[in-house]
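Please keep the sequence and the structure in view while reading.

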Amino acid sequence: MTATVDVEGMKGRMAAFIQKLQDDICGALETLDGQGRFREDAWTRPGGGGGRSRVLEEGAVLEKAGVNISMVHGELEEAFAKKLQGEGRTFWAGGLSLVLHPKSPHVPTVHANYRFIHQGGRAWFGGGADLTPYYLHDEDAAHFHRVHKAACDAHDPTYYPRFKAACDTYFHLRHRGESRGVGGLFFENMGGDLEREFAFVQACGNSFIPAYLPIAQKHKDTPVTEAQRFWQEVRRGRYVEFNLVYDRGTIFGLETQGRTESILMSLPPRVRWRYDYHPEPGTPEARLVEVLRNPREWA
């Protein structure tokens, strides 16, 4: 971070960006769903700051969707402060986080996060987006990756291969030996000029709607069987395992005494764990597991 960067001003610009992005994404999702509407909860963090949580439940397309923003600040616990990339205990963090759990197993779950953190004398951006299908359509994964690659390439051609690989590494369930989904982008503290990085974060955030909505629109009316719903709920169990065991955003929110309901909105509404369950060889379900155990290039 250079001395010429107006970090305080950037906080305000980031806050304005994520507020508009939340409005844009929620509007697009309500149009997609056609029935459900987001409930909004504004909340205040006792230690400083607050946020605006929006959750849609039991819609026609979205079984549970959360699109949350927060701008929080204050003092970190000493032990947790040392785990972050900044200096000291004083912090400010602003970001948008979303998780969409569609009703149909033919429509993928999706997650995205865009954030700006200031801790002591250091400030950095982070974020990304990743797709978690239950039934894999190669063209959907390719579309999701190509849209994000285009956003990367407009800023730096080295970004996509770096951040795609980082996504594959991060969203990996080590205890299962498989990825959570088919990846996307994941970046944290790129170490460059903050103005350039802010422009990149905005490009990524604005890419979410064109990356995801065409996929959801294409599959939302596909007929569903009970067996496919069963498989969706089994795979959702993997999503829960990752979010509660590994996810840095969940840990950061809980460690900074954020709003618990907003932090855990990422969890799906209906999940099952079947003991030692394996799909039948040669089935679409088995193919998904095979791909998740061997990440591939999509763009």
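The lining of the second largest pocket divides into 3 nonpolar, 3 polar and 7 charged residues. Here Ala, Val, Leu, Ile, Met, Phe, Trp, Tyr, Cys and Pro count as nonpolar, Asp, Glu, Lys and Arg as charged, and the others, Gly among them, as polar. The model is predicted, so that local features need pLDDT of at least 70 and side-chain atom pairs count only at pLDDT 80 or more, while totals for chains, interfaces and linings use all residues. Residues are numbered from 1 along each chain as its sequence is written, and side-chain values use heavy atoms, with hydrogens and water left out.

A pocket is an open set of points on a 1 Å grid over the protein atoms alone, where a 1.4 Å probe fits, with protein on both sides within 12 Å along at least five of seven lines; lining residues have an atom within 4 Å of a point. Its volume is the space filled by probe spheres set on the points, which are joined across faces, edges and corners.

| Pocket | Volume | Lining composition |
|---|---|---|
| Largest | about 980 Å³ | 18 nonpolar, 19 polar, 7 charged |

In the second largest pocket, Arg39, Asp41, Val55, Glu57 and Glu261 lie nearest the centre, out of 13 lining residues. Strand S2 (49-57) is among the elements that supply at least two residues of this lining, and S2 gives the largest share, 3 residues. Helices (H or I, at least four residues) and strands (E, at least two) are DSSP runs, numbered from the N terminus.

The largest pocket has 44 lining residues, and those nearest its centre are Arg248, Gly249, Thr250, Phe252 and Gly253. Elements that each supply at least two residues of its lining include strand S3 (62-75), strand S9 (183-188) and helix H7 (248-255).

Arg235 belongs to helix H6 (residues 226-245). Its relative accessible area is 6%, so Arg235 is buried (under 20%, with a 1.4 Å probe and protein chains only). Leaving aside residues up to four places away in sequence, Arg235 touches Tyr134, Glu178, Ser179, Leu288, Val289 and Leu292; contact means heavy atoms within 4.5 Å.

Helix H3 (residues 138-153) packs against helix H4 (residues 159-170) at an angle of about 130 degrees, with the axes 8 Å apart. Axes are lines fitted to C-alpha atoms over the stretch in contact, and angles run from 0 to 180 degrees between N-to-C directions.

Definitions and conventions
Buried < 20%, exposed > 50% of the residue type's maximum accessible area, 1.4 Å probe, protein only.
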